[in-house]
Amino acid sequence: MAYDPISVALKFGFLAVLYLFLLVIARSALKDLRRTVSPAPDATGFHAAPAYAEAPRGVDAWLVVERGGGLTADERFDLIGGLSIGRSKDADVQIEDRYASSIHARVFERGGRYFVEDMNSTNGTLLNNATLVGEAELIDGDTVQIGDTVFRLEAQ
């Protein structure tokens, strides 16, 4: 059985190209892995946390209904673990308000402070009668209005 020299050369040439291709892919993957070991200072998630004065821990807070939403006035919702407000059955505080989105806003605790965040609702959320954009810190006595429904923060 004699092999044609051109056929053998083509087989070895194909193998050489295949190994070269695999080598290029392996080197590219290795470069990518090395690049992510030390991320750029502006890479998402690697910023240093802002330095705030230490807030007192263990502050209890409630969201108290002032009016509307099919809720009873002075009804209290504990903010431990945060809560979501909206018309959906999935919301922690379900309100009957035609201006509310399914998940309209959320109230949560971060670092001993309480925040309210509008969840990109259609009609917006008011914090102390001013339009809320994104999230903002809540302090004792602040009012949060969703449509015709008004809540007040009570902290202890």
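**Close-up views of a predicted model**

**View 1. Valine 64 and the pairing of E1 with E2.** Valine 64 lies opposite arginine 76 of strand E2. In this predicted model, strand E1 (residues 61–67) and E2 run antiparallel and are joined by three bridges.

View 2. In general, strands of a sheet pair through backbone hydrogen bonds, either parallel or antiparallel.

**View 3. The largest nonpolar core.** This core comprises 22 residues, among which Ile85 and Phe151 touch the most other members. At least two core residues come from each of E1, strand E3 (83–86), strand E5 (105–110), strand E6 (113–118), strand E10 (143–146) and strand E11 (149–155). E1 contributes the most, with three residues.

**View 4. The surroundings of phenylalanine 151.** When neighbours within four places in sequence are left aside, the contacts of phenylalanine 151 include Leu63, Val64, Val65, Leu71, Phe77, Ile85, Val93, Ile95 and Val144. Glu66, Asp142 and Thr143 are also among the residues in contact with phenylalanine 151.

**View 5. The nonpolar surface patch.** Phe12, Phe14, Leu15, Leu18, Tyr19, Phe21, Leu22 and Ile25 make a nonpolar surface patch of about 870 Å². Phenylalanine 12 belongs to helix H1 (residues 5–35). With a relative accessible area of 56%, phenylalanine 12 is classed as exposed because this value is over 50%. In soluble globular proteins, by contrast, nonpolar side chains tend to be buried together.

Methods. Residues numbered from 1 in each chain as written. Predicted model: local features only at pLDDT ≥ 70, side-chain atom pairs only at ≥ 80, totals over all residues. Heavy atoms only, no water. Patch = residues over 30% accessible without salt bridge, like charges linked within 9 Å, V, L, I, M, F, W, Y side chains within 5 Å. Areas by Shrake-Rupley, 256 points an atom, 1.4 Å probe, with all protein chains shown as cover. Salt bridge = Lys/Arg side-chain N within 4 Å of Asp/Glu carboxyl O. Helix = DSSP H or I, 4+ residues; strand = E, 2+ residues; numbered from the N terminus. Buried < 20%, exposed > 50% of the residue type's maximum accessible area, 1.4 Å probe, protein only. Pairing = 2+ DSSP bridges. Core = buried A, V, L, I, M, F, W, Y, C linked by side-chain atoms within 4.5 Å. Contact = heavy atoms within 4.5 Å.
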